[in-house]
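Subject: Structure for your review

Dear colleague,

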Amino acid sequence: MTAAGLLRAVIFFGALTLLPFVFGEQWVLNSLIFTLMYVGLASAWNLLGGYAGYPSLGHAAFFGVGAYAIAIVFENSVGSGYPPFFLLPLIGLATALLSVPIGWVAMRTRADVFAIVTITLLFIAQTLAFNLRAVTGGAQGISVAVPPFPVETYNWPFYYAVLALLALAMGISFYFRRSKIGLSLSAVRADEDKAHGVGVRVTGVKLIAFGASVGLTAMLGGVWAYYVGFIYPQFAVDPLVTIGMVLMAFLGGRATLWGPVIGAFILVPAQQYFAYEFGASHVYLVAYAAIFLIIMLLLPRGILPTISDRLRMRRRRRQGAQAKSHGAIGGAK
Amino acid sequence: MPWSLHALVQAVILGVLTGGVYALMASGQTLIFGIMKVVNLAQAAFVVLAAYLTYSLFTLAGIDPFLSILITTPILFAVGVAIQWTLLRVLRPEDAAELSLLVTFAAALGLEGLLELVYNTTFRSIQPGYENFSWTVLGYQVNMVRFFAFLLSLTMLGLLYLILHRTKFGRAVRATVQNPMSAQLLGVNPQRVAALGFGLGAATAAAAGAIFGLISPFNPGSHYDLISRLLTIVVLGGLGSIGGSIIAALVMGVGSAVVAALASPIWSDFAFFVVLLLVLLLRPRGLFGARVRGAI
């Protein structure tokens, strides 16, 4: 890790850790919990959709799995309020392991077809949530017991839980970039057949990316269910959650460490503002679609890659100009 | 047991008739994929839009749903061309495949939002008075609307076949499907073919929407259910193969009707998805799809 990178991470996580002590208002923390949740979700999606180049549109299914796991186990009592958080790692691990066969089938297809198959997963999960009434409560939903946290700091445990999951997601994202896994994944993204040909363990790394991505998504779904306290199939397995993750990763820049973070920090507050302003009317969906289209059409590669391209171009131009002024030609490369 | 045999045959009849409607919807989707390599996630939203147009024409002007197809088809064609021209044409070729998926999804969300603004989220249905009429043939119920819908689907598919195989435009389309580069060298304008092809694909949604509105209640959110079924059908049939998607639509229609009759209607959609996963397990390219490098 470069010094600048380390500094960036320390400042980012340091500021977020201290934030509740400075801005303790409920609405600030409430808004931040959703923002950080989406930062985590977008980073998790990026592991598969960004690094591996497999654009999943079905992550909401795994979000729902985590949400229902927490809601079902803690429907009646949460004890001191902390047990649900302790269960999260187990949920993440179990989802990652159980998703291996699903990922194995889904990743026999590529690009468009993969996106379609994962959308199908989303609808399977929604059908199950609606129809396994004995377990999920069907369309009536299921509630989670209310934790006995003191009123003034009620949001804090949720905030730090989401922050911890975000740190985990970014840690994995960072590790992916630095390790052989990351190199293998970018080979898969560039040309899977060639990668396979030169001996990259294609199936293995794809499944690692899939498992890590959906495991993190399930854990965040668990915290979400506990925080909102009441879940319905439409909201626990929501196509808009999937689309949110994808859009944020696209806006910030896929296959970058900070891209999903930037994307989520821009879009979630915007989303909340729109929901607040137009939530009651139906303009919300139209506005959302419009933003979506504008991002896709103006910044198809995302903010960070666009900026770094510009910088590189400028540096090259400057080097070219210097080389010319020195009467040399070879400098511009 | 004669009773369950009767139920089974009844389910098969219903399934074939419903499958015909799905075949019509899926053929537009397949056509668009074949020409442009774009998976159009807005196809189901087009169908729902057409259902609402038909609904309005019927309630406001009293135009029969089957007759209004003549009016809605050009409208849907124009919507399709407009979306292709403004949103898809501008994508850069290197990221068009991935982005077009998201752009058409955004178009679907936008259409859903607009329909909610105009019609709100109440479920509507088109009721010209004959929607529940059925004939009894050898003891089996044959719903009249579904029967005419099936015939209409066959007619539309036939027309589509004629357009693709007997007109100059169709030849240009097929040439583009086979080899875009050579087609361009022979004087085919790919932008024009893409726009008209997308329009043609969207236009098939007009008839499909009228029928959809007759056989089931709908609201602006109905396109989610519909698109998941359509995608299952086109992937099962093999992306880009119209024949494959017709067979897949019939298989799915019969399969889900049989599951609904023998088990419970709740699980009929589920059967769709399970069949898809099984097929992909054995044959990732779908039943009739050609292997396209990079796509599958």
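**Helix α9 of chain B**

Of the 16 residues of α9(B), 14 are buried, so this helix is largely enclosed by the rest of the structure. A residue is called buried if 20 or more other C-beta atoms lie within 10 Å of its own, exposed if 12 or fewer do, and partly exposed in between, with C-beta atoms placed from the backbone. Please note that this is a predicted model, in which local features need pLDDT of at least 70 and side-chain atom pairs count only at pLDDT 80 or more, while totals for chains, interfaces and linings use all residues. Residues are numbered from 1 along each chain as its sequence is written, and chains are lettered from A and ligands numbered from 1 in the order in which they are written.

Helix α9 of chain B covers residues 222-237 and reaches 23 Å from its first C-alpha to its last, close to the 22 Å expected at 1.5 Å a residue (1.5 Å times one less than the number of residues). Helices (H or I, at least four residues) and strands (E, at least two) are DSSP runs, numbered from the N terminus. After α9(B) comes G238(B), which has a positive phi near 95°.

**The contact between the chains**

Chain B contributes 38 residues to the contact and chain A contributes 32 residues; two residues are in contact if their C-beta atoms, placed from the backbone, lie within 7 Å. On the side of chain B that touches chain A, the elements giving two or more residues are α4 (93-119), α9 and α11 (268-282) of chain B. The most comes from α4(B), with 16 residues. By type, this side of chain B divides into 27 nonpolar, 5 polar and 6 charged residues (nonpolar: Ala, Val, Leu, Ile, Met, Phe, Trp, Tyr, Cys and Pro; charged: Asp, Glu, Lys and Arg; polar: the others, Gly among them). For the complex, the predictor gives an ipTM of 0.75 and a pTM of 0.83.

**The hairpin of chain B**

Strands β1 (residues 134-137) and β2 (residues 140-143) of chain B pair in the antiparallel sense over 4 bridges; pairing requires that DSSP find at least two bridges between two strands. S134(B) has N143(B) in β2(B) as its bridge partner. Between the strands of this hairpin are 2 residues, and L138(B) takes a positive phi near 50°.

**Chain A**

Chain A has 15 helices and 2 strands. Its radius of gyration is 21 Å, close to the 20 Å that the globule rule gives for 333 residues, so chain A is as compact as a globular protein of that length. The radius is taken over C-alpha atoms, and the rule is 2.2 Å times the number of residues to the power 0.38. Buried residues make up 48% of the 333 residues in chain A.

L299(A) lies in the loop between α14 (283-298) and α15 (303-325) of chain A. L299(A) is partly exposed, with 16 other C-beta atoms within 10 Å. Beyond its neighbours within four places in sequence, L299(A) is in contact with L251(A) and T306(A).

**Confidence**

The mean pLDDT (the predictor's confidence in each residue, from 0 to 100) is 84 for chain A, where 95% of residues reach 70 or more. Chain B averages 82, and 94% of its residues score at least 70. Among the elements of chain B, α11(B) has the lowest mean pLDDT (75), and helix α2 (residues 43-61) the highest (91). The pLDDT stays under 50 over residues 329-333 of chain A and over residues 291-296 of chain B.

Yours sincerely
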